[in-house]
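This report describes selected helices and aromatic contacts in a predicted model. The sequence and structure are shown below.

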Amino acid sequence: MLTSFIRKVLIGAAFLTGITGISYASDTWPTRPVTLVVPFGAGGITDVTARTVAKLLQEELGQPVIVENRPGAGGNIAAGLVARAKPDGYTLMVITNGMVAVNPLINKELNYNALKDFTYISMIANTPLVLVVSAKSPIRDLRSLIAQARQQRESVSFASSGLGTSIHQVLASLQQATDTTFLHVPHKSGAEAANALLSDAVQSTAVETVVVGPFIEAGRMRPLGVTSSQRVPKFPSIPTVAEQLGKEFDVGSISGLIAPKNTPAPVIKRLEDAMAKALKGEGMQNLFAQGSQPMPVGAEAFQGRMRQEVAKWKDLFGDR
């Protein structure tokens with residue numbers, strides 16, 4: 001009987017210790033640096049956005065937020081690593097709509113499930129892209145680009161930031177809308193795609209407004225159209241692709257913050273609250289002024305939008 005009593009006391013003590021430990025961990029998190037994984041190379045919109053968010057989150061959380069670039073395979077390498085990371089809140093990632101909605105359609109051997117392996121925290125921004133050619137190009141407008149592409153299959157090269165990314169989405173949408181086939185040249189980031197155009201390695205690309213804006217303003221790139229449904233306030237003179245084609249065309253790079261699944265709910269709530277404050281910070285306001293668009297905050301809005309993206313891109317990429 002004594003042995004039974006001791007066993008019950010020990011079990012009760014362990015239970016109470018567990019509760020205390022969870023409460024303590026939740027109340028004090030984070031107690032060390034947090035890693036924010038970027039699934040693309042430096043200089044692209046996801047990297048720029050992540051570094052802006054990292055600085056603001058660091059101010060809110062009181063611990064360093066270290067950005068770690070893990071480019072490759074359209075974000076799949078980073079996503080696989082984060083999906084398998086310890087769910088303690090110390091490993092986060094900025095994910096994009098392409099990684100959620102397009103990658104599963106074009107790669108049947110992914111090592112992650114975007115809708116099951118992560119906990120969604122909050123969207124960050126939606127950044128439209130600008131379809132561009134070199135300022136030295138004989139192509140003057142979208143009509144002449146399409147005309148040249150129609151002359152011969154893959155006669156016009158187009159740089160992207162990798163399969164499934166927002167630039168690839170622009171390419172696929174443009175090809176479908178105009179019955180053309182460009183020569184797709186993937187890179188690891190939008191910055192690399194832009195550099196490929198500037199070095200005359202490719203003839204065209206589409207890069208997020210925040211990244212490509214300075215090159216347009218410096219006269220080094222010629223804009224042919226923005227990919228959002230409405231003109232961008234930062235570049236009001238650039239017409240939309242949709243108004244030039246006379247049909248629906250709306251592509252943007254939607255970014256958001258995620259954690260591995262089973263990350264403790266109190267930690268997620270702390271991050272969600274921190275993001276709500278961070279998105280009002282000066283750094284994010286600067287990105288919004290350069291062409292990025294604010295998105296609804298919170299996990300519920302994030303999950304809902306990603307489901308919409310899955311349905312949207314299934315029609316274009318689902319038959320692959």
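## Helix 13

The exposed residues E300, R307, Q308, K314 and D315 lie on the face of helix 13 that is turned away from its buried side. The buried residues of this helix are A299, F302, M306, E309, W313, L316 and F317.

Helix 13 comprises 19 residues, 299-317. The distance from its first C-alpha to its last is 26 Å, close to the 27 Å expected at 1.5 Å a residue.

## Helix 7

Helix 7 (residues 166-178) has 13 residues and should span 18 Å at 1.5 Å a residue, which agrees with the 18 Å between its end C-alpha atoms. The helix is mostly covered, with 12 of its 13 residues buried. Among them are I167, H168, V170, L171 and L174. D179, which follows helix 7, has a positive phi, near 55°.

## Aromatic and charge contacts

The model contains 5 aromatic pairs. One of them joins Y120 and F302: the ring centres are 4.8 Å apart and the planes stand at 80°, so the pair is edge-to-face. This pair links distant parts of the chain, Y120 in strand 4 (residues 118-134) and F302 in helix 13, 182 residues apart. Y120 counts as buried at 3% relative accessibility, and F302 is buried at 1%.

The rings of F158 and F182 also form an edge-to-face pair, with centres 5.9 Å apart and planes at 75°. F158 lies in strand 5 (residues 157-160) and F182 in the loop between helix 7 and strand 6 (183-186), so the pair ties together parts that are 24 residues apart in sequence. Both F158 and F182 are buried.

Elsewhere, the charged end of R32 is placed over the ring of Y90, 3.7 Å from its centre.

Terms used:
Residues are numbered from 1 along each chain as its sequence is written. This is a predicted model: local features need pLDDT of at least 70, side-chain atom pairs count only at pLDDT 80 or more; totals for chains, interfaces and linings use all residues. Side-chain values use heavy atoms; hydrogens and water are left out. Helices (H or I, at least four residues) and strands (E, at least two) are DSSP runs, numbered from the N terminus. The expected span of a helix is 1.5 Å times one less than its number of residues. Buried means under 20% relative accessible area, exposed over 50%, partly exposed in between (1.4 Å probe, protein chains only). Rings of Phe, Tyr and Trp (its six-membered ring) pair if their centres lie within 6.5 Å; planes under 30 degrees apart count as stacked, over 60 as edge-to-face and the rest as tilted. A charge sits over a ring if NZ of Lys or CZ of Arg is within 6 Å of the ring centre and within 35 degrees of the ring normal.
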